Amino acid sequence: MYSRPGCGLCDEAREVVMAERERTPFSYQEIDISADDALELEYGVRIPVVLVDGVEVFEIQVVPAQLAEALRR
């Protein structure tokens, strides 16, 4: 998940991702875009951005049922 500190939407997305992780184990990495100009340009106004297996599946809001489905593929 691409995020930045102090991002309320990122906090909400993280809660959804962590709740699903309790049901469906998977590795998780969160990347702070605030220290990287290239990442800020790519993801800045769209964060949080969530990828599953390298494929972008969510931006701004994570839908729990759709996350569970994406993880099953």
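Start by selecting helix α3, residues 64–72. Helices (H or I, at least four residues) and strands (E, at least two) are DSSP runs, numbered from the N terminus. The model is predicted, so local features need pLDDT of at least 70 and side-chain atom pairs count only at pLDDT 80 or more, while totals for chains, interfaces and linings use all residues. Residues are numbered from 1 along each chain as its sequence is written, and side-chain values use heavy atoms, leaving out hydrogens and water.

An α-helix has 3.6 residues a turn, so residues three or four places apart point the same way.

Next, colour the largest nonpolar core, which has 19 residues. Such a core is a set of buried Ala, Val, Leu, Ile, Met, Phe, Trp, Tyr and Cys residues joined through side-chain atoms within 4.5 Å. Y2, I33, Y43, I47, V62 and L67 touch the most other members. The elements giving two or more residues to this core are α1 (8–23), α2 (37–43), β3 (49–52) and α3. The largest share, four residues, comes from α1.

How many aromatic pairs does a search of the whole structure find? It finds one. Y2 and Y43 are stacked, at 4.1 Å centre to centre with 15° between the planes. Rings of Phe, Tyr and Trp (its six-membered ring) pair if their centres lie within 6.5 Å; planes under 30 degrees apart count as stacked, over 60 as edge-to-face and the rest as tilted. Y2 is in strand β1 (residues 2–3) and Y43 in helix α2, 41 residues apart.

Select I47. Leaving aside neighbours within four places in sequence, I47 is in contact (heavy atoms within 4.5 Å) with Y2, S3, R4, C7, L9, C10, I33 and I60.

Finish at L9, in helix α1. Is L9 buried or partly exposed? L9 counts as partly exposed because its relative accessibility is 38%. With neighbours within four places again left aside, L9 is in contact with I47, P48 and I60. Draw a line between the C-alpha atoms of L9 and T24: they are separated by 22 Å, and the residues are 15 apart along the chain.

Conventions. Buried < 20%, exposed > 50% of the residue type's maximum accessible area, 1.4 Å probe, protein only.
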